[in-house]
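Thanks for coming, everyone. Let me put the structure up, and then I'll walk you through it.

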Amino acid sequence: MKLKLHHPLWVHLPAVILFIILLAIIWHARALLGSNVPLHFGISGMPEKSPGSTWEAVVAIIVSALVFIGISIAVDEDWARRESRKTFNWMSLLDECAVGFLAAFAVSYFSMLHTRIYDLTFPWPYLLAFCGGGMVLAVILEYFRPWNPAEEAALENVQTLAEDVHARIASGQRWVYTETQNPPWLSVLVIGVGALVIAEAIDNWSTKPEMAYLLLACGLAVFLLWGGLGISVTAEYVTVRLGLVGMRLLRMKVADIDDACCHEFSPLRNFGGYGIRFNREMTAFFFSGNRGVKLRAKNGRQFLIGSDHPERLTAVVCEAMGIYR
Amino acid sequence: MAVLISISANDPRPIYLQIVTEVKEQIHRGNLHPGDELPSVRDLAENLGVNLHTVHRAYEKLRDQGVISLRLGQRAKVAALRQQPASREQVEEVLVTRLNELITEAFHLGLSASAFRQLVDELLAEKYGGSHQ
């Protein structure tokens with residue numbers, strides 16, 4: 001099966017260039033590989049813990065860079081597939097920002113190792129050069145990125161679904177409408193971050209068991225996100241669950257809903273990113289796209305549920321509420 | 001993925017069979033595609049107000065029929081659609097017995113063979129928009 005990409009891969013070219021620069025920096029410092037050096041630094045820049053092998057730092061840097069590039073590709077593709085018109089995707093700068101940051105710190109770190117004066121300074125000039133340069137280039141590429149409309153981005157005609165739900169309610173059936181939001185980047189993030197944290201826990205196992213237990217718990221907690229967001233609507237409740245164990249984030253009685261409508265938003269501008277988010281107006285749950293359903297409760301509270309099919313979800317909630325639109 | 005599943009207390013069929021039929025119907029209508037995830041067993045059981053084992057049995061039946069795939073730690077996923085028609089034995093097992101029952105029912109309802117055939121044609125035309133040849 002041929003995978004059709006809606007977001008061109010060349011938009012990630014600045015991140016790939018930065019990654020190659022990062023590899024070149026590591027190659028340049030190859031004489032230091034294998035030696036025991038400080039790996040953890042405090043806010044003052046001084047080493048905090050017992051030294052470790054340089055390989056640990058190198059593997060962590062390379063894996064982190066690849067994880068961020070992978071996440072960025074997945075997020076941007078997901079964004080592009082949902083665009084109903086060309087919109088500037090600020091999330092596309094994620095990989096340039098992250099890989100530039102890693103490259104800048106790699107320069108600073110290996111320079112410090114060369115001088116053997118273990119005082120890590122914040123690498124402002126390199127950050128400006130790598131992050132700044134990469135992001136400027138990424139902004140230009142994102143601006144000129146072509147828009148390939150996806151079929152699913154078109155507004156959906158949900159009349160048939162609304163009639164179907166209406167008929168089921170009228171005939172007294174028990175029914176449930178379910179949706180999931182489980183974008184590929186979430187799986188990449190869960191595996192990438194979870195594996196890194198657990199690897200760090202194993203590393204600390206013999207020296208600092210308390211820290212190892214804590215890290216292991218955090219790593220396993222990350223894996224609980226596996227499976228994404230599950231949304232279900234019945235005649236009585238709208239429920240939002242999270243992850244593998246189905247942790248309940250929201251359970252709202254249909255009778256308590258005052259209004260439900262489709263809502264378009266900017267994940268970064270309105271909420272600062274994806275996930276479980278809050279702003280002054282509402283609590284939001286979303287893992288992909290920029291559309292969802294806004295529920296206003298009778299007590300005035302508002303909730304935003306991210307949805308891949310907001311028209312369908314709105315129609316179903318409205319039918320459950322007894323509003324026929 | 002978005003799916004609508006319902007069960008009816010007035011339906012004489014067992015609940016697990018109703019769920020099986022609903023999932024198949026959603027795939028047939030194009031609401032579910034290969035690779036789409038189905039709700040978890042616990043979610044569906046809780047929302048429909050039925051026992052976990054009932055939903056699990058329905059999913060197992062769907063898996064045995066090759067409609068969905070089940071993997072440990074993952075939600076059930078709609079399997080790839082069959083590329084080739086089923087073998088004669090599978091058709092016999094799934095369809096022929098039930099068709100024979102329906103033919104008998106049609107006889108007792110007073111339908112002639114041609115009237116029964118016409119009814120089947122009408123239903124097929126409704127499902128496939130007249131292009132079921």
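Start with burial: chain A has 325 residues, and 49% of them count as buried. Keep in mind that this is a predicted model. Chain A carries 9 helices and 11 strands. Its accessible surface is about 16,300 Å². Carbon and sulfur atoms supply 65% of that surface.

Now contacts along the chain. Take pairs in chain A that are at least 6 apart in sequence: 63% of those contacts join residues at least 24 apart.

First stop, A:His7. Where does A:His7 lie relative to helix H1 of chain A? It sits in the segment before that helix, which spans 13-28. Is A:His7 buried or exposed? Buried, because its relative accessibility is 2%, and the cut-off is under 20%. Leaving out residues up to four places away in sequence, A:His7 touches A:His12, A:Asp76, A:Glu77, A:Ala80, A:Glu142 and A:Arg145.

On to salt bridges. Over all chains the count is 14. I'll show you a few.

Look at helix H5 of chain A, residues 159-170. A:Arg168 and A:Asp164 both lie in it, 4 residues apart, about one turn of the helix. These two form a salt bridge, with the closest N and O atoms 3.0 Å apart. Both A:Arg168 and A:Asp164 are buried.

A:Asp164 has another partner, in chain B. Its side chain meets that of B:Arg29 in a salt bridge, 2.7 Å from N to O. This pair crosses between chains, from helix H5 of chain A to helix H1 of chain B, residues 15-29. How do the two ends compare in burial? A:Asp164 is buried, with a relative accessible area of 16%. B:Arg29 is partly exposed, at 43%.

And there is a network here. Salt bridges link A:Asp164, A:Arg168, B:Glu22, B:Glu25 and B:Arg29.

Next, a salt bridge between two strands. A:Arg296 pairs with A:Asp258, the closest N and O atoms being 3.0 Å apart. The pair links distant parts of the chain, 38 residues apart. A:Arg296 is in strand E10 of chain A, residues 291-297. A:Asp258 is in strand E7 of chain A, residues 257-264. Why does A:Arg296 count as partly exposed? Because its relative accessible area is 33%, between the 20% and 50% limits. A:Asp258 also counts as partly exposed, at 38%.

In chain A, 5 strands make an open sheet in the order E7-E10-E11-E9-E8, with mixed pairing. Which strands stand at the edges? E7 and E8 of chain A, the latter spanning 275-278. Each has a single partner strand, so one side of each is left without a neighbour in the sheet. On average, neighbouring strands of this sheet are turned by 20 degrees against each other, direction ignored.

Zoom in on the E8 end. E8(A) pairs with strand E9 of chain A, residues 283-286, in the antiparallel sense over 4 bridges. Within that pairing, A:Ile276 has A:Phe285 in E9(A) as its bridge partner.

Last, the helix on the sheet. Helix H9 of chain A, residues 310-321, packs on it. H9 touches E7, E10 and strand E11 of chain A, with E11 spanning 302-306. The direction of H9 makes about 170 degrees with that of E7(A).

That's my tour. Questions, please.

Notes
Residues are numbered from 1 along each chain as its sequence is written. Chains are lettered from A and ligands numbered from 1 in the order in which they are written. This is a predicted model: local features need pLDDT of at least 70, side-chain atom pairs count only at pLDDT 80 or more; totals for chains, interfaces and linings use all residues. Side-chain values use heavy atoms; hydrogens and water are left out. Buried means under 20% relative accessible area, exposed over 50%, partly exposed in between (1.4 Å probe, protein chains only). Contact means heavy atoms within 4.5 Å. Accessible areas come from the Shrake-Rupley method with a 1.4 Å probe; for residues, only the protein chains shown count as cover. A salt bridge is a side-chain nitrogen of Lys or Arg within 4 Å of a carboxyl oxygen of Asp or Glu. Two strands pair if DSSP finds at least two bridges between them. Axes are lines fitted to C-alpha atoms, for helices over the stretch in contact, and angles run from 0 to 180 degrees between N-to-C directions.
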